[in-house]
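This report describes selected features of one structure. Please look at the sequence and the model first.

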Amino acid sequence: ANTNTIFSAIVGSLAAVGGFFQSLSGSCKYGERATMHLSASEDLKALCDNLELLQTEASQMSQDDRQKAEHIDTIGTIRSKYQQCIQGCKSEIPLRIDDAYKKIDSEMAMTWTRKAKDDLETGEDGIDNVGPILMAAAYHEVATQITRSFKWPMYISGDINAIIKNSMDNIRKKKKSGATFWK
């Protein structure tokens with residue numbers, strides 16, 4: 001009888017935890033958000049593929065052919081398609097996450113002195129135009145710092161300034177080790 005009671009308590013506890021997470025998922029609409037993001041991602045990928053094809057076609061055409069070509073999308077059409085993709089993914093971003101990404105943008109911009117920017121663009125590290133790579137790494141570091149929290153995704157714990165400081169420190173370490181790696 002004691003074993004049955006313990007087993008029933010364990011099953012009941014697991015059911016309560018499962019119910020809590022199912023309720024959390026329903027109230028946060030994770031499934032709907034994931035579907036919106038997946039759809040927007042697929043649309044943006046298709047738009048990117050179209051842009052690459054158009055760029056290839058345009059580079060192979062003479063100036064007269066470009067003026068005659070009616071099938072080549074104009075900048076306005078491409079911008080319109082881009083806006084449609086973005087409109088398809090309307091999900092509220094929590095303020096603390098939005099603040100973290102805005103702050104990492106400004107921190108990265110402030111650390112790029114003229115010399116550092118020149119070094120990044122001239123490929124001193126062995127790779128041409130490292131700036132976009134560092135920005136992607138910075139965004140990845142912020143995401144890692146945010147999702148590392150025990151309370152994630154229910155709550156974003158920690159000070160945003162500490163998250164950004166840790167992210168910047170990791171970027172500096174990676175940049176430094178990358179510079180020696182590529183030599």
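The sections below cover the basis of the model, a pair of helices and the aromatic pairs.

## Basis

This is a predicted model, in which local features need pLDDT of at least 70, side-chain atom pairs count only at pLDDT 80 or more, and totals for chains, interfaces and linings use all residues. Residues are numbered from 1 along each chain as its sequence is written, and side-chain values use heavy atoms, with hydrogens and water left out.

## Helices α5 and α7

Helices are DSSP runs (H or I, at least four residues), numbered from the N terminus. The axes of α5 (residues 95–111) and α7 (residues 131–147) come within 10 Å and cross at roughly 145 degrees; axes are lines fitted to C-alpha atoms over the stretch in contact, and angles run from 0 to 180 degrees between N-to-C directions.

Contact means heavy atoms within 4.5 Å. On α5 it involves I97, A100, Y101, I104, D105 and M108, and on α7 L134, M135, A138, Y139, V142, A143 and I146.

## Aromatic pairs

The whole structure holds 2 aromatic pairs. Rings of Phe, Tyr and Trp (its six-membered ring) pair if their centres lie within 6.5 Å; planes under 30 degrees apart count as stacked, over 60 as edge-to-face and the rest as tilted. F20 and F21 are edge-to-face, at 5.3 Å centre to centre and 65 degrees between the planes.

Y101 and Y139 form a tilted pair, with 5.6 Å between centres and 55 degrees between the planes. Y101 lies in α5 and Y139 in α7, so this pair ties together parts 38 residues apart in sequence.

Note on methods:
Helices (H or I, at least four residues) and strands (E, at least two) are DSSP runs, numbered from the N terminus.
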